[in-house]
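Let's walk through this structure together, beginning with a pair of helices and moving on to aromatic rings.

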Amino acid sequence: MATSRGTSPAPDTAVCVHCGDPVRGDGVVSGDLQFCCSGCKAVYEVLSQATSCPVPTPRPLGDDRFAYLDDPAVVERLCDFSDGSITAVTFFVPQMHCASCIWLLENLFRFDPGILHSRADFLGKSVVVRYANGKTGLRKVVELLASLGYEPTITLESAQRTPRREADRSLYARIGIAGFCFGNAMILAFPEYLSGGDFEPLLRSLFSYVSLVLALPVTFYSAAVFFRGALAGLRSRVVNLDLPIALGVAILFARSAVEILTGSGFGYVDSLCGLVFFLLLGRLFQQRTYDSLNFDRTYASYFPLAVTTKKKDRESSVPVTSLEPGTRVIIRNNEIVPADAILMSDAGAIDYSFVTGESTPVPAKQGDLVHAGGRQVGSAIELEVVKTVSQSYLTQLWNEAAFRTDRPGNLTRLTNIAGKYFTAALFVVAAGAGLYWFPRDTATAWNAVTAVLIVACPCALALSTPFAFGTALRVFGRGKFYAKHADVVEWMGRIRTVIFDKTGTLTHARGSGVRFVGEPLSPNERSAVRSVVRNSHHPLSRAVFDALNNDPVVPVTGFTEEAGGGIQGTIGGITVRAGSRTFCGLPSVDETEVADTDAAPLRVCIALNSVPRGQFVLAGHYRDGVAPLVRELRKHYEVVLLSGDSDREEETLTRLFGEGVPLHFHQTPADKLAFVAGVQAQGDPVLMVGDGLNDAGALKQADVGVALTDDTSAFTPACDVILDGSMLTSLDRFLRFARSSRTVVLVAYAISVLYNVVGLSFAVRGALSPVIAAVLMPASSITVVAFTSLSLRMLARKRGLV
């Protein structure tokens, strides 16, 4: 018989010093050390050497399978971004299955200095790689991944990023083979069970050997995924969940083989095949269940980003999902380019820091290709879309390191700790059961040890948090509350202080009540003002732009925007400044101009060539429902107002917020950030609600930053949540639902622990067969998934969120 992966090699066979597998042929030699493959050599060196030691070099593959990746046309189709010096590409890597895989894939730079950064997505089985074009290339990166055992699945249709089918087909094949062998092994075992082992010896021997033949493909093909996972974990010095499963399968196979070959018994092939069949079936069901609750931010199901399009000199805001090749789009200062497009304006300055990490704007001229994820810096530009938008790519950028805060929630840390020690504790229980039963009853001992290794599973514990918070994300999305990722839900459940900005958050301008107060503007001056405000996505700029809709738009030079101040640009010798009084040189505001509205008017001051000329006055309104919202929030949270305006509305705001609420005025963006940091220093988690423009720093500093917007084209990567302005009054319900989600997770944890305690109590007594254990293991995960999903949907209905 061939030596199985679970058995020891012959004494004279060389053994890999890293994984312990037999070395076939010459293997890979490094000094006095011998490895079975270049992957083992590479991982061994990376894990054992200090970072100052020479970087290990994987062995070349020795073929031209990836030669087609040298073709520039192929590279262009597969890559997400390339500016000639840096290229970003996403690979689907179905072999990724444990923490050690993630570590290795995120340390590719150790093998190839041309790789600048790599980030693995475990749930999506993908890895994003950024590399320097002058030092390496797409072919070299793919060959590196293949040599390490992570050959990516590549199709020229990869723009859709759905190559999961190959992995699915492999899983289906394994399940089919295991199911076929399980059914036939059961038929062959019937005479043994029905006769009590007393039937024709020749037939008994024949049936047992046929059963052993059926066990071979199940053990060495269908169950190979568990053996590979266990070995990969051991190679990286990580004990993962595949290890006890692989050990249980190996025990059943070895026990059956010994009994059949020695004629001492019929073996347990039917149990072995059933075990593998149900484990794989459970894995498939879990994957399908998770896919049905896909929490990735993709297209209209999640992300709210919109963009301004231009058609026949008319501009309108549309969702990015409706963009098609040929559509003309307008990208203003600090707005994100949502899709690959050709620059139609004379020039642009594109900041690709979201993609490459380099913040220096890249000059672009008419006809240049501008990649999705770039941010325009300066005057508005016009582009023509050449590639359909990939919204999942944009949300991937939203979660890049520049905008992530390394603050995992308590429940996430608890899950990680439990997963870390679970397998070790499981081996202790299995060893204890074996030590107790082997002196008393060998058959019961085998059942007990195998059942313990199979039935106990931390999957239900590990799935509780992502499924509960993932379901919460879907509920939030339906309420136009768009959270960056699932951890935001837990952070919201721990909030103690809620801080509001005022202008653009609690107030907004509506209707057409925009008038100019001051020295009348000439037609050329009105055109100049309209052209400058067109370049900003601030709501007041948009209101002024719409009010001057009969005036032409002309190109602007020298456009700049100062947070908390205003904007400036030059048109035909006229330098326009628009913004606050101080920014435009106006010393005061005529308070008699306060409109007869529920809030003070909103003002955009204008200065031409450094000479103040007046101000656009917009009727200001507090959003409906602000007072009831604040009353509800004060029942559970400390509420604070931070405003950059003067205190002239203090009396009105006191009526809205109630006595005792701190109201802070004349707050600059830096003041707001410092205030948030001060509250956090006292140990109180903070949720900050702002417009995402003048308070971006405070939003990023807060534990949860909520950017409120009435125009979803104003994408604010520094925030954790984008909230539609019409849903502000539901903020208290979103926070209550987040707290309920944490409670559901804790109950799911209790269910998982109870399942493992009850299952192990039966397993250690030898009262649980391995097949039943294999059925119960995925059943626990399915139970937790069903409980969390149904519970949160019921709570969402109760809160009025669906």
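**Helices and rings**

Helix α6 (residues 201–222) and helix α8 (residues 242–262) pack at an angle of about 155°, their axes lying 10 Å apart. This is a predicted model, where local features need pLDDT of at least 70, side-chain atom pairs count only at pLDDT 80 or more, and totals for chains, interfaces and linings use all residues. Residues are numbered from 1 along each chain as its sequence is written, and side-chain values use heavy atoms, with hydrogens and water left out.

Because angles over 145 degrees count as roughly antiparallel, α6 and α8 are roughly antiparallel to each other. On the α6 side, S208, Y209, L212, A215, L216, T219 and F220 meet V249, F253, A257, I260 and L261 of α8 (contact means heavy atoms within 4.5 Å). By class, this contact has 10 nonpolar, two polar and no charged residues.

Now to the rings. Rings of Phe, Tyr and Trp (its six-membered ring) pair if their centres lie within 6.5 Å; planes under 30 degrees apart count as stacked, over 60 as edge-to-face and the rest as tilted. The count comes to nine aromatic pairs. In one of them, the F182 and F277 ring centres are 6.1 Å apart with planes at 25°, so the pair is stacked. This pair links distant parts of the chain, with F182 in helix α5 (residues 164–195) and F277 in helix α9 (residues 269–292), 95 residues apart. F182 is buried at 16% relative accessibility (buried means under 20%, exposed over 50%, partly exposed in between, with a 1.4 Å probe and protein chains only), and F277 is buried at 17%.

Key
Axes fitted to C-alpha atoms, helices over the stretch in contact; angles between N-to-C directions. Helix = DSSP H or I, 4+ residues; strand = E, 2+ residues; numbered from the N terminus. Parallel < 35°, antiparallel > 145°, perpendicular 65-115°, else oblique. Nonpolar A, V, L, I, M, F, W, Y, C, P; charged D, E, K, R; others polar.
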